[in-house]
Amino acid sequence: MPDLTLTTFDWVPPPPRGFVRDLRVRWALEEAALPYRVASVPFDNRGAEHLAHQPFGQVPWLSDGDLSIFESGAILLHLGGLSGKLMPSDPRGRNEATEWLFAALNSVEMASLPWTMSKFMGHPTDTAAWKFVDDFLKLRLKHLEPVLASREWLAGSFSVADILMSDVLRVVDQFDGLSQHPACRSYVARAIGRPGFVKAHADQMAHFAAADAGRAV
């Protein structure tokens, strides 16, 4: 039985709650029914011990015995190696899931992150810079839409690729960015309707809310 500890922040301000990337790992662990613990590091004081595990001062990281893994994609690939519920068992399916996991990070999130950050921060949408960001995301979604219209999950069965892709897309959907892409929107709805996501999301929200009492918020 693996000895798994997921480390996240002890607290974050309300706006990013429900979107901090430890949720991706919680979700995978719930889908796989792998036992795990949650540990915390200070949000306000990211010291040397934190940087030893995550050199950019971010979260999450996963400890598996004496192995420490950072970056949500790398963690999900590690967990995919621990559970057939997260990765197809055949070589072709595993390759497809791996491809789409990297596509979620390198093709879709690369385009969506500037867009969603601008939305979170309330940047104006009548500028040339915004048009560039908006057009870049729309181009990625244009190519993704027919893929998701033709299949339930990216690699046949639900996998770590779907955890990553749907988590990237649901932030876009939060700001109505999928309104012209019904297959993408339906895909997100299927994914976040799964019990694993529902529990992971509730647990993350409860984790951060529990810290409010100890802070001057």
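Biologist: At roughly what angle do the axes of helix 5 and helix 7 cross?

Modeller: This is a predicted model, where local features need pLDDT of at least 70, side-chain atom pairs count only at pLDDT 80 or more, and totals for chains, interfaces and linings use all residues. Residues are numbered from 1 along each chain as its sequence is written, and side-chain values use heavy atoms, leaving out hydrogens and water. Helices (DSSP runs of H or I, at least four residues) and strands (E, at least two) are numbered from the N terminus. The axes (lines fitted to C-alpha atoms over the stretch in contact, with angles from 0 to 180 degrees between N-to-C directions) of helix 5 (residues 128-149) and helix 7 (residues 182-192) come within 7 Å, crossing at roughly 60°.

Biologist: How many nonpolar residues are in the contact of helix 5 with helix 7?

Modeller: Contact means heavy atoms within 4.5 Å. Helix 5 brings Leu141, Leu144, Glu145, Leu148 and Ala149, and these meet Pro182, Ala183, Cys184, Tyr187 and Arg190 in helix 7. Two of the contact residues are charged (Asp, Glu, Lys, Arg). No residue there is polar, and the nonpolar ones (Ala, Val, Leu, Ile, Met, Phe, Trp, Tyr, Cys, Pro) number eight.

Biologist: Is Trp100 buried or exposed?

Modeller: Trp100 sits in helix 4 (residues 91-121). Beyond its neighbours within four places in sequence, Trp100 contacts Leu144, Val147, Arg151, Leu154, Ala161 and Met165. Buried means under 20% relative accessible area, exposed over 50%, partly exposed in between (1.4 Å probe, protein chains only). Trp100 has 19%, so it counts as buried.

Biologist: Which residue forms a salt bridge with Glu96?

Modeller: A salt bridge puts a side-chain nitrogen of Lys or Arg within 4 Å of a carboxyl oxygen of Asp or Glu. Glu96 has its partner at 3.2 Å, N to O. Glu96 is in helix 4 and the partner in the loop between helix 5 and helix 6 (160-174), so the pair ties together parts 55 residues apart in sequence.

Biologist: How far apart are the closest N and O atoms of Asp134 and Lys138?

Modeller: Both residues lie in helix 5, four residues apart, about one turn of the helix. Asp134 is buried at 14% relative accessible area, and Lys138 is partly exposed at 44%. Their salt bridge has its closest N and O atoms apart by 2.9 Å.

Biologist: How many salt bridges does the structure hold?

Modeller: One of them joins Asp3 and Arg37 at 2.7 Å, N to O. Arg21, Arg24, Glu109, Asp167 and Arg170 are linked in a network of salt bridges. The structure's total is 16.
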